[in-house]
Amino acid sequence: MGEMTIAVLTDLHLGPTHEDELFSILNDTLDRIQSHSPDQIIVLGDIIQETDVDTDERLLTDFVDCLDSTGISYQCLVGNHDIEKLSREKFEAIIGHKSYQAVENKVFLDTGAPHLSHGRGEVSESQLEFLGAELPNLNEPIIFSHHPIHYHDIRDNRWFGRLPEAAFCGNKETVLDLLKDSKTNVAAVVNGHLHEWDYTEYRGVDHFTVDAFNKVPERKNESGGFALVERSERLHVTQYKGDGSEHSVVLPI
C-alpha cells in the first residue's frame, strides 16, 4: 500500500441561491486543502443542487475551473442531484473523465440512479461486472462512492431518518458480496450523501462517511467541511468540519 494523501469533498449542493457565498467558501476551503499538499482531490458527488440544464452546466463548469486552479489532480463522482437535469454524458464531458473507473488501487463508483425516486442510489449491472473483473487485480484498494454501500443507524439523521431507503445504496449487499467473493482486502470505503460524519465497520469492511461541505438548508457554520485520507502503513482519516472541529480515525484501531 503506497503512501498517498487524498482530500475529499462531498455534497456541495451548488445552486444559484447564495452562489457567490458558496463559491467564496469553496475557494477558502481549497486553500485549506492545498496547505495539506494532497496528491489528489476526490469529490464524492452532489456537486450541484439541480436547477435547470443551463444553470447546472454553468455551475459544474465553474466548479471544475476552481479545481483546475489548484493544480491538483482530481476525480469527481456522480451524486443523485448531479444527473437529475444533466445527462451522465454531459456530466462526464464537463468533469473530463468517466463516472466510474479503477485507478492506482482506488475504485470510483457511480451510484447515480435517476430512474429511482427520492435520491436513491444503486450500482449498475455494468459496474458490477467491472468490479468483478477489476477487484482481483487490486491491492488493498480504497473504494469511493456517493451513496453508502453499508448500513448504520440513521434514526437521528434529519435528512434521511424518515427515509432510510434513500440513504444507502439500494444493492449494497450485492456489492459487498462481490467484495467478499473477490477475496480482495479492501482498505476502506469512503462515501458521502448522508450529511454527517461516521465511521462504521460493516461486514468486515471499514466505512467512512464524509460530512457535507454544504448542509442545505443550514448553511450558517455548516459549510466548508472536507476530509483527508492519508495512507501509508496505516490508514488515517480526518474530517475537518466547517466550524473548525475535527474527527479522526486511524486503522487498524
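Residues are numbered from 1 along each chain as its sequence is written, and side-chain values use heavy atoms, without hydrogens or water. Because the model is predicted, local features need pLDDT of at least 70 and side-chain atom pairs count only at pLDDT 80 or more, whereas totals for chains, interfaces and linings use all residues.

In soluble globular proteins, nonpolar side chains tend to be buried together. A nonpolar core is here a set of buried Ala, Val, Leu, Ile, Met, Phe, Trp, Tyr and Cys residues joined through side-chain atoms within 4.5 Å; buried means under 20% relative accessible area, exposed over 50%, and partly exposed in between, with a 1.4 Å probe and protein chains only. The largest such core has 32 residues, and those with the most contacts inside it are L26, I41, V43, I47 and F63. Two or more residues each come from β1 (4-9), α1 (19-34), β2 (40-43), α2 (53-70), β3 (73-76), α3 and β10 (226-231). These elements are DSSP runs numbered from the N terminus, helices being H or I with at least four residues and strands E with at least two. Helix α2 gives the most to this core, with six residues. A second, separate core of 21 residues includes I42, F108, W197 and V249. Around V43, with neighbours within four places in sequence left aside, the residues in contact (heavy atoms within 4.5 Å) are L9, L12, F63, L67, Q75, C76 and L77.

Aromatic rings come next. A pair of aromatic rings is described by the distance of the centres and the angle of the planes. Rings of Phe, Tyr and Trp (its six-membered ring) pair if their centres lie within 6.5 Å; planes under 30 degrees apart count as stacked, over 60 as edge-to-face and the rest as tilted. Across the whole structure, six aromatic pairs are found. Y100 and F130 form an edge-to-face pair, because their ring centres are 5.2 Å apart and their planes stand at 65°. This pair links distant parts of the chain, 30 residues apart: Y100 is in the loop between α3 (88-95) and β4 (101-103), and F130 is in helix α4 (residues 125-134). Y100 counts as buried because its relative accessibility is 18%, and F130 is likewise buried, with a relative accessible area of 18%. The rings of W197 and F208, with centres 6.1 Å apart and planes at 35°, are therefore a tilted pair. Since W197 lies in the loop between β7 (188-191) and β8 (198-202) and F208 in strand β9 (residues 205-209), the pair ties together parts that are 11 residues apart in sequence. F208 is buried at 0% relative accessibility, and W197 is buried at 18%. Together with Y199, W197 and F208 form one aromatic cluster.

Charged groups also lie over rings, a charge being counted if NZ of Lys or CZ of Arg is within 6 Å of the ring centre and within 35 degrees of the ring normal. The charged end of K98 sits over the ring of Y100, 5.3 Å from its centre, and R158 lies over the face of W159, at 5.2 Å from the ring centre.

There are 10 salt bridges in the whole structure, each a side-chain nitrogen of Lys or Arg within 4 Å of a carboxyl oxygen of Asp or Glu. E57 and K90 meet at 3.7 Å, N to O; because E57 lies in helix α2 and K90 in helix α3, this bridge ties together parts that are 33 residues apart in sequence. The bridge between D110 and R88 has an N to O distance of 2.6 Å. D110 is buried, with a relative accessible area of 2%, whereas R88 is partly exposed at 26%. E19, R58 and D62 are linked in a network of salt bridges.

Finally, strand β11 has a partner on either hand, strands being paired if DSSP finds at least two bridges between them. Six bridges join β10 to β11 in an antiparallel arrangement, and β11 also pairs with β12 in the antiparallel sense over six bridges. T238 of β11 is the bridge partner of L228 and stands opposite S248 in β12. Five of the six residues of β11 are buried.
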